[in-house]
Amino acid sequence: MYNFTIPSQLKAWIDRILAVGKTFKYGAQGAEGLAGNKRMIVAISRGGFYREGTPAAVGEHLETYLRWVFGFIGIANPEFISADGIQTGPDQRNTAVATALEAVSRLRAA
C-alpha cells in the first residue's frame with residue numbers, strides 16, 4: 001500500500017492490461033471479463049492495519065480496488081497474502097512477514 005492505494009507503477013501496469021477485446025469486452029449486459037479461470041496470487045504489505053474492524057478500515061483502498069479490477073477482467077477470486085502493520089515497529093514487522101511467509105507456504109499448485 002502506498003499512500004492508501006496502489007503504487008503508480010502498478011496502476012500503469014493495470015492500465016496496460018485493461019484492454020477492450022483482450023481482457024474484457026462490452027456486450028448487451030455491459031462489461032464481461034475475458035481472463036476468467038485464471039489463478040491470481042497477490043502479495044501486499046501495509047504500514048498500518050486496515051482490515052475490517054480496525055479504526056482505519058475505511059481507508060483500505062488497496063485490496064478492495066485490486067479485487068474489483070481483477071474481477072472486472074474475469075478473475076473472480078484472487079488470493080491475497082498480506083503483511084499488515086509493518087511500519088508499526090520491528091516486532092510487528094517480523095510477525096507480519098512471518099505470517100505472510102507461512103501463508104505462502106500453505107499455497108498449493110493449481
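**Note on the helix pair and the nonpolar cores**

1. In this predicted model, the axes of helix 1 (residues 8–17) and helix 2 (residues 63–72) come within 12 Å and cross at roughly 15°, where axes are lines fitted to C-alpha atoms, for helices over the stretch in contact, and angles run from 0 to 180 degrees between N-to-C directions. Helix 1 and helix 2 are therefore roughly parallel to each other, a term for angles under 35 degrees. Helices (H or I, at least four residues) and strands (E, at least two) are DSSP runs, numbered from the N terminus.

2. Helix 1 contributes Leu10, Lys11, Trp13, Ile14 and Ile17 to the contact, and helix 2 contributes Tyr65, Leu66, Val69 and Phe70, contact meaning heavy atoms within 4.5 Å.

3. The largest nonpolar core has 13 residues, of which Val42, Leu66, Phe70 and Ile75 touch the most other members. Such a core is a set of buried Ala, Val, Leu, Ile, Met, Phe, Trp, Tyr and Cys residues joined through side-chain atoms within 4.5 Å, and buried means under 20% relative accessible area (1.4 Å probe, protein chains only). Strand 3 (41–46) and helix 2 are the elements that give two or more residues to this core, and helix 2 gives the most, with three residues.

4. Leaving aside neighbours within four places in sequence, Leu66 is in contact with Ile6, Leu10, Ile14, Val42 and Phe80.

5. Residues are numbered from 1 along each chain as its sequence is written, and side-chain values use heavy atoms, with hydrogens and water left out. Local features need pLDDT of at least 70 and side-chain atom pairs count only at pLDDT 80 or more, while totals for chains, interfaces and linings use all residues.

Key: Parallel < 35°, antiparallel > 145°, perpendicular 65-115°, else oblique. Buried < 20%, exposed > 50% of the residue type's maximum accessible area, 1.4 Å probe, protein only.
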